[in-house]
Amino acid sequence: MKDWLERLRSDHPGHVELESLGTSPEGRDILLATVTDHSTGPACDKPAVWLDANTHAAELAGSAACLYTLDRLVDPDDAEAAELLKTHAFFVLPRVSPDGAEHVLETGAPLRSSPRETHGLRAKERFEPGDVDGDGRVLQMRVVSDSGAWKASELDDRILTPRKPGDTEGPFYDLYSEGRFSGSHRERPAVPRSRRGTDFNRNYPSGWRPEAQQEGAGPYPLSHPETRAQADGLLARPRVGALVTYHTYCGAILRPSSWEPDTAIDPHDLAAYKAVGARGTERTGYPCLSVYEGFRYRDDDVITGGFDDWVYNHLGVLAFTTEIWSLPTHVGFEVKDPLRFNFKGDRTPEQTLQIVAWCDANAPGSVVPWRSFEHPDLGPVELGGWDRMWIWQNPPLSFLAAECEGNHLFAMDLARTVPRIVVRSSRAQDLGSETWRVEVVVENVGYLPTSSTSRGRTQKTAEPVRATLEATESVQILEGDASFDLGHLDGASAVHAATFVDPTFFSGATRSTVGVAQWIIRGAGAVDVTIDGARGGVARCRIPLE
Ligand SMILES: [Zn+2]
């Protein structure tokens, strides 16, 4: 991937910059690609979208989505991208956890974030998913057990179903991922906490809770070099107005909050999240869900310390977590609640059979007949079942490009959604005796406010819009400071703040998207004004004194 990125930079020097935000513990660069049209100005002056991926090591399709967008952005035949890059920038970090992704690619074993051992976990009992029989894949493992909770499906022997209450007609099975145990008694193997349970997406500052309360959280927020580099990289780019962090599993565009109901979110921001998320649904087919309202792993607990929550809550930037790829959707199911349908087993045996049939036809080998194997820790077991990482967690390769395309189109939409400052008009009114009233009308033509969200305004994480008149030897400012503070300017999304949003009944302020800066000056020739538009980028104009 590093080679690919370096080639992208050398092939497109007018568009691509590449830098390392930091180094992983195993010594790999955490690479960030910046893409814009340098002939129209540097990336640091332009409103921007941030994309990243592979926070979770095995969620490799996210990296692919990042590389796909990079490839499309520099495609000389892509007129839409070329036009967008004149005014916008993209920051793309395809691999937050390069050590984790390399570990997965080398071993084929699933892994949450990083191959490092979880801090503070003195585990005698360990389980490590891995390829035990050397066939190059990590499948499932089942062991006959009178107390087993699983039974072979009557519809297809490769699939297990939960044992029904009162069922005494075995065989019943214990079910594991393929892997090795250590310290576990052969007769009663239990899966202990993973020794590599580090979860970067519990390590961000917003709502962070310690390891004992949330597995994988790490010893303190941003304790990992990778999450720290990512956070510092984002903080150093204050014009990012929207962000997507790519994950995989189940096809959903997730949004904050992970631990509060929607009623706790600013009404404008909630409406903007829903409107922008709906655009994402059109592009990808994934439903847009609040994690708290529609994507909770447990009814009695919430997730905190996640990246998108930090980006929204603390930085005030509209941030999404996109879970790429929904296998059931491709089979033909309309999945409104992917978490229940995919992970909680909330589907009929017939629906599962339809999924298996689709896999046999479209990704042969992803559901594998069980075969006997003498396991070094457990004795006789059977290996087979789902090749979960390559059929549920990541799309089969033949479906990858189509999946990336939908996400790419949403990323392009986001670039057209972020705030963008332009000069609507400018003039110099002659007051006589070489004295002039200089006026610049500034407009946010983006969808989102110059703070990205209302949260960004209240958190004061985005500087207000400021117009600065460059005083020179031939120009003297008589009234007002050189810098004129315009506050934050709304975007088109401000309509959501109206009481009635339906156009039939709408009557709200619509000019909050425009600001006016003025100065009284004495001088001759021309004056230059620079507008620093916060997350809306920088605009400049020259006003002749005539
Ligand atoms: Zn993930």
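**Helices, sheets and domains**

Author: Ala61, Ala64, Ala65, Tyr68, Thr69 and Arg72 of α2 meet Leu400, Glu403, Cys404, Asn407, His408 and Ala411 of α13, where contact requires C-beta atoms, placed from the backbone, within 7 Å of each other. Helices (H or I, at least four residues) and strands (E, at least two) are DSSP runs, numbered from the N terminus. This is a predicted model, in which local features need pLDDT of at least 70 and side-chain atom pairs count only at pLDDT 80 or more, while totals for chains, interfaces and linings use all residues. Residues are numbered from 1 along each chain as its sequence is written.

Reader: Which strands does α13 lie across?

Author: The helix α13 runs at about 150° to β3 (48–53). The strands that α13 lies across are β3, β11 and β14 (318–324).

Reader: In what order do the strands of the open sheet of 8 strands stand, and which are its edge strands?

Author: Two strands pair if DSSP finds at least two bridges between them, and in this sheet the pairing is mixed, with the order β1-β2-β4-β3-β11-β14-β12-β13. Neighbouring strands are turned by 25° against each other on average, direction ignored. Pairing on one side only marks the edge strands, β1 (16–23) and β13 (288–290).

Reader: Which residue of β2 is the bridge partner of Leu18?

Author: The strands β1 and β2 are antiparallel and are paired over 6 bridges. Within β2, the partner of Leu18 is Ala33.

Reader: Why is one side of β8 and of β15 left without a neighbour in the sheet?

Author: These strands belong to an open sheet of 6 strands with antiparallel pairing, in the order β8-β7-β9-β6-β16-β15. One side of β8 (160–162) and of β15 (367–375) has no neighbour because both stand at the edges, each with a single partner strand.

Reader: Which elements do the buried residues of α4 pack against?

Author: A residue is buried if 20 or more other C-beta atoms lie within 10 Å of its own, exposed if 12 or fewer, and partly exposed in between, with C-beta atoms placed from the backbone. In α4 (residues 98–107) the buried ones are Pro98, Asp99, Gly100, Ala101, His103 and Val104. They pack against β2 (29–35) and α2 (61–73).

Reader: Where does the largest share of the side of domain 1 that touches domain 3 come from?

Author: The chain is divided into domain 1 (2–108 + 199–325 + 394–415), domain 2 (126–194 + 363–392) and domain 3 (421–544), with bounds from an automatic or database domain assignment. In all, 21 residues of domain 1 are in contact with 18 residues of domain 3. At least two residues each are supplied by β11 (240–248), α6 (267–284) and α8 (307–313), and the largest share, 5 residues, comes from α6.

How values were computed. Two residues are in contact if their C-beta atoms, placed from the backbone, lie within 7 Å. Axes are lines fitted to C-alpha atoms, for helices over the stretch in contact, and angles run from 0 to 180 degrees between N-to-C directions.
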